[in-house]
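Please keep the model in view while going through them.

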Amino acid sequence: MWDKAYDFVKVSFEKISDILSTNIVFGGLLNKIEEKTGIPGSFIITGFTICLILLFLLGTGPSVLCYSAVVLYPAYQSFKSLEEDNKEKSYEWIKYWIVFAAFHAVEHLGDRFMWWLPGYMLLKFIFLLWCFAPVPNNGSVIIYENYIRTLFLRNVETLDRVTDMVTTLIHKIVTKRFSE
């Protein structure tokens, strides 16, 4: 049984290593580390992954790592899709940001309870990675199309009235404050 698990993990990390080695940014970095240390890339990735998992399970640094991964990478990809005028990619990233905002709002409501759950940050990280995974039906597409879009379309008139009311109120407050 352990042999099969070991083989699965070994093959998985070798595939990840192959994918990363062809990536311009990660591939160059991984090759430099391999050259300097003499350690195969699959071992480097395995070690790095184990360290990340331990950080997520044991430390407070996970929130920084999690948000760095689930905000900075999507922000960069969103920027690229806008600059390249790639409407299809831009729509994909807009769906991610809508799901991310909805998740963040729900998370904020249950914040005091969720942080006590063991492995919560790791599960959150995996969930958000699934949401922007480079596959056709990633988490953002599934959640947006099946839940968020349906909910918003059902309540669009109410949402428009509330946002108009809030926008008007904010405009009045700002205008009054800066006109004095």
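1. A residue counts as exposed when its relative accessible area is over 50%, as buried when that area is under 20%, and as partly exposed in between. These cut-offs are applied here to a predicted model. Asp85, with a relative accessible area of 60%, is therefore exposed. This residue belongs to the loop between α4 and α5. Its backbone deserves attention too: Asp85 has a positive phi of about 55°, although it is not a glycine.

2. Overall composition. The chain contains nine helices and zero strands. Read from the N terminus, its elements follow the order α-α-α-α-α-α-α-α-α. Of the 180 residues in the chain, 21% count as buried. Among contacts in the chain with a separation of 6 or more, 53% are made by residues 24 or more positions apart.

3. Is Ser81 buried or exposed? Ser81 is buried, because its relative accessibility is 3% and the limit for buried is under 20%. This serine is found in helix α4. Leaving aside residues up to four places away in sequence, Ser81 touches Asn86, Lys89, Ser90 and Trp93.

4. The nonpolar core. The largest nonpolar core has 14 residues, of which Val70, Tyr96 and Val99 touch the most other members. At least two residues of this core come from each of α4 (62–83), α5 (87–109), α7 (120–131) and α8 (139–154).

5. Helix α7 has 12 residues and reaches 16 Å from its first C-alpha to its last, close to the 16 Å expected at 1.5 Å a residue. Its buried residues are Tyr120, Met121, Leu122, Lys124, Phe125, Leu128 and Cys131.

6. How many residues of α9 are buried? The number is zero out of 24, so α9 lies largely in the open.

7. Rolling a probe the size of a water molecule over the atoms shows where empty space is left. In the whole structure, the search finds one cavity of 30 Å³ or more. The largest cavity holds about 40 Å³ of space. Its lining consists of Glu92, Val135, Pro136, Asn138 and Val141. By class, three of these lining residues are nonpolar, one is polar and one is charged.

Definitions and conventions
Residues numbered from 1 in each chain as written. Predicted model: local features only at pLDDT ≥ 70, side-chain atom pairs only at ≥ 80, totals over all residues. Heavy atoms only, no water. Buried < 20%, exposed > 50% of the residue type's maximum accessible area, 1.4 Å probe, protein only. Helix = DSSP H or I, 4+ residues; strand = E, 2+ residues; numbered from the N terminus. 1 Å grid on protein atoms, 1.4 Å probe; cavity = no way out; pocket = protein on both sides within 12 Å on 5 of 7 lines; lining within 4 Å. Points joined across faces, edges and corners; volume = space filled by probe spheres on them. Nonpolar A, V, L, I, M, F, W, Y, C, P; charged D, E, K, R; others polar. Core = buried A, V, L, I, M, F, W, Y, C linked by side-chain atoms within 4.5 Å. Contact = heavy atoms within 4.5 Å. Expected span 1.5 Å × (residues − 1).
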